[in-house]
Amino acid sequence: MSSHTKNVQQVVDRESFSAAMPVSRETLDRLAAYESCLRKWQRSINLVSANTLDALWGRHFFDSAQLLPLLPERLTRLVDLGSGGGFPGVVLAILLADRDVEIHLVDSDRRKATFLREALRQSGARAQVHTCRIEELDAAALGPVDAVTARACAPLVQLLDWAAPFFTPQTIGLFLKGQGVGDELTTAHKCWTFSAEEIPSRSDPAGTIVKLQGLARGNT
């Protein structure tokens, strides 16, 4: 068994999520409210793959939540690109609900943006939802961004093109990736300069979190 496989924690429900990611009862209640909202909206909007609907707590909630300890300690502003069904953006908004953090969720699909607002309302989490293409969001108007997150949004080379306007020298990117991440990093390095750490996923034996810093256009 590889060390990566050993790193994976089995999360199947609220209780095992709590064991893997110790959070308050209120936070678990917020996640449960999000689950109820997602299941209701899934009937009319494809928010997650149908075969993962019964694995929400592990495949989606824990997969997103594992980013929490990787975020900057002094986090004030986070941007989640291509938020879709709310992963990882809404989960992080729930986990950070008691902290003074400004969270921005970006998705161009109006129905998904409407869902995101309702999921936030029902869970009691706070975030601003931007219904626009990522490249249309005025990064300068937001102010300095401490962290940029994304999950299943686009190949890394395209993702960095969208993320770059939000990056300062202090910004970190946390991007949830699956198989082929090595090839994506190789391709991205042809267009971009950055330092990247590949962190094994705690939820998926084939998954990797790319923690990226120092993003600049052009290679060395």
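In the predicted model, the protein exposes about 10,500 Å² of surface, of which carbon and sulfur atoms supply 46%. Buried residues account for 50% of the 220 residues in the protein. The charged side chains comprise 24 positive and 25 negative groups, and the centres of these two sets lie 3 Å apart.

The secondary structure of the protein consists of 9 helices and 7 strands. The radius of gyration is 17 Å, close to the 17 Å that the globule rule gives for 220 residues, so the protein is as compact as a globular protein of that length. Along the principal axes, the C-alpha atoms fill a box of roughly 45 × 45 × 35 Å. Among contacts between residues at least 6 apart in sequence, 72% join residues that are at least 24 apart.

R151 belongs to strand β4, which covers residues 147-151. The relative accessibility of R151 is 16%, and R151 therefore counts as buried, the cut-off for this class being under 20%. A polar contact of 2.7 Å links the side chain of R151 to the side chain of D63. When neighbours within four places in sequence are left aside, the residues in contact with R151 are R59, H60, D63, S64, F87, P88 and L176.

Methods: Residues are numbered from 1 along each chain as its sequence is written. This is a predicted model: local features need pLDDT of at least 70, side-chain atom pairs count only at pLDDT 80 or more; totals for chains, interfaces and linings use all residues. Side-chain values use heavy atoms; hydrogens and water are left out. Helices (H or I, at least four residues) and strands (E, at least two) are DSSP runs, numbered from the N terminus. The radius of gyration is taken over C-alpha atoms; the globule rule is 2.2 Å times the number of residues to the power 0.38. Buried means under 20% relative accessible area, exposed over 50%, partly exposed in between (1.4 Å probe, protein chains only). Contact means heavy atoms within 4.5 Å. Accessible areas come from the Shrake-Rupley method with a 1.4 Å probe; for residues, only the protein chains shown count as cover. Lys and Arg count as positive and Asp and Glu as negative; His and the chain ends are not counted. The place of a charge is taken as NZ of Lys, CZ of Arg, CG of Asp or CD of Glu. A polar contact is a pair of N or O atoms within 3.5 Å; within protein, one must be able to donate a hydrogen and the other to accept it, and residues adjacent in sequence count only if both atoms are side-chain atoms.
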